[in-house]
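Here's a quick briefing on helix packing, pockets and a few residues worth a look. Have the viewer open as you read.

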Amino acid sequence: MKNNNDPQHELARAIALTLMNRGWKIALAESCTGGLVCATLTDLAGSSDWLERGYVTYSNAAKSECLDVSMETIDSFGAVSEQVAKAMAEGVLRHANVNAAISITGIAGPTGGSVEKPVGTVCFGWAIKENVRHDVINTVTLTKHFNGDRQVVREQARDFALSQFLELLKPKNA
């Protein structure tokens, strides 16, 4: 982030404040974005107060080895699926022992798409554990399609992942 007034910086700041106010930390599991979300968050000074770690699990083997995503899930639904995004988010939540996790898996292009999953298809997972000592995890998944070249798809995925995460953190009665 080059400009402290750009939308990504403002979004990262809002997330940081929300996490710090709750005493929470976040961890990320990224595939098609290749660490872009982590880079955006770590552009903010003091991010080590609320950002625990990030995994770039680009290959299926990395998803399985680092995050415990079962190969059966990957084989059954594909690496770009809400089922895999859910498993990635919950896996990073467990491994990092944090309150919140974001996962992203998708097809940024220009190749790799299919009729069922065209280039620009991105699946997201957001997992929140109110109390790290308990096993109750609230996980939300969603699939979006973004238009544009590889970099534009990746940037849109980053922005969507962060903005939706901030929405999930808002109090339910607000």
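**T33 and its surroundings**

Setting aside neighbours within four places in sequence, T33 is in contact with I104, R154, A157 and R158. Keep in mind that this is a predicted model. T33 sits in the loop between β1 (26-30) and α2 (36-42), and it counts as buried because its relative accessible area is 0%, against a cut-off of under 20%.

**Two helix pairs**

- Let's start with α3 (residues 60-67) and α5 (residues 82-96), which pack at an angle of about 35° with their axes 9 Å apart.
- The crossing of α3 past α5 is left-handed.
- On the α3 side the contact uses K63, C66 and L67, while α5 brings V84, A87, M88, G91, V92, R94 and H95.
- Sorted by type, the residues of this α3 with α5 contact come out as 6 nonpolar, 2 polar and 2 charged.
- The other pair is α1 (residues 7-22) with α6, packed at an angle of about 35° and with axes 10 Å apart.
- Here too the crossing is left-handed, with α1 passing α6.
- From α1 the contact takes in Q8, L11, A14, I15, T18, L19 and R22, and from α6 it takes in R158, D159, L162, S163, F165, L166 and L169.
- That α1 with α6 contact splits into 8 nonpolar, 3 polar and 3 charged residues.
- R158 turns up in the α1 with α6 contact and also touches T33.

**R94, on the α5 side**

- R94 is found in helix α5 and is one of the residues that meet α3.
- Is R94 buried, exposed or partly exposed? R94 has 45% relative accessibility, so it counts as partly exposed.
- Not counting residues up to four places away in sequence, R94 touches L67 and D68.
- R94 and A27 are 67 residues apart along the chain, yet their C-alpha atoms are 9.9 Å apart in space.

**The largest pocket**

- The volume of the largest pocket is about 220 Å³.
- It has 17 lining residues, and W24, I128, E130, N138 and K172 are the closest to the centre.
- Which elements give two or more residues to the lining of the largest pocket? They are β4 (121-128), β5 (138-145) and α6 (150-169).
- By type, the lining of the largest pocket has 9 nonpolar, 3 polar and 5 charged residues.

**The second largest pocket**

- The second largest pocket has a volume of about 180 Å³.
- Its lining is made of 15 residues, and S31, Y58, V80, G106 and I107 lie nearest the centre.
- α3 and β3 (100-106) each supply at least two residues of this lining.

**Y58, by the second pocket's centre**

- Y58 is among the residues nearest the centre of the second largest pocket, and its place is in the loop between β2 (51-56) and α3.
- Leaving out neighbours within four places in sequence, Y58 is in contact with E30, S31, C32, K63 and R150.
- Of those partners, S31 is also listed among the residues nearest the centre of the second largest pocket, and K63 is part of the α3 with α5 contact.
- Y58 and V84 lie 26 residues apart in sequence and 12 Å apart in space, C-alpha to C-alpha.
- V84 is one of the α5 residues that meet α3.

How values were computed:
Residues are numbered from 1 along each chain as its sequence is written. This is a predicted model: local features need pLDDT of at least 70, side-chain atom pairs count only at pLDDT 80 or more; totals for chains, interfaces and linings use all residues. Side-chain values use heavy atoms; hydrogens and water are left out. Axes are lines fitted to C-alpha atoms, for helices over the stretch in contact, and angles run from 0 to 180 degrees between N-to-C directions. Helices (H or I, at least four residues) and strands (E, at least two) are DSSP runs, numbered from the N terminus. A crossing is left-handed if the near helix is turned anticlockwise from the far one by less than a right angle, and right-handed if clockwise. Contact means heavy atoms within 4.5 Å. Ala, Val, Leu, Ile, Met, Phe, Trp, Tyr, Cys and Pro count as nonpolar, Asp, Glu, Lys and Arg as charged, and the others, Gly among them, as polar. On a 1 Å grid over the protein atoms alone, a cavity is a set of points where a 1.4 Å probe fits but cannot get out, and a pocket is an open set with protein on both sides within 12 Å along at least five of seven lines; lining residues have an atom within 4 Å of a point. Grid points are joined across faces, edges and corners, and a volume is the space filled by probe spheres set on the points. Buried means under 20% relative accessible area, exposed over 50%, partly exposed in between (1.4 Å probe, protein chains only).
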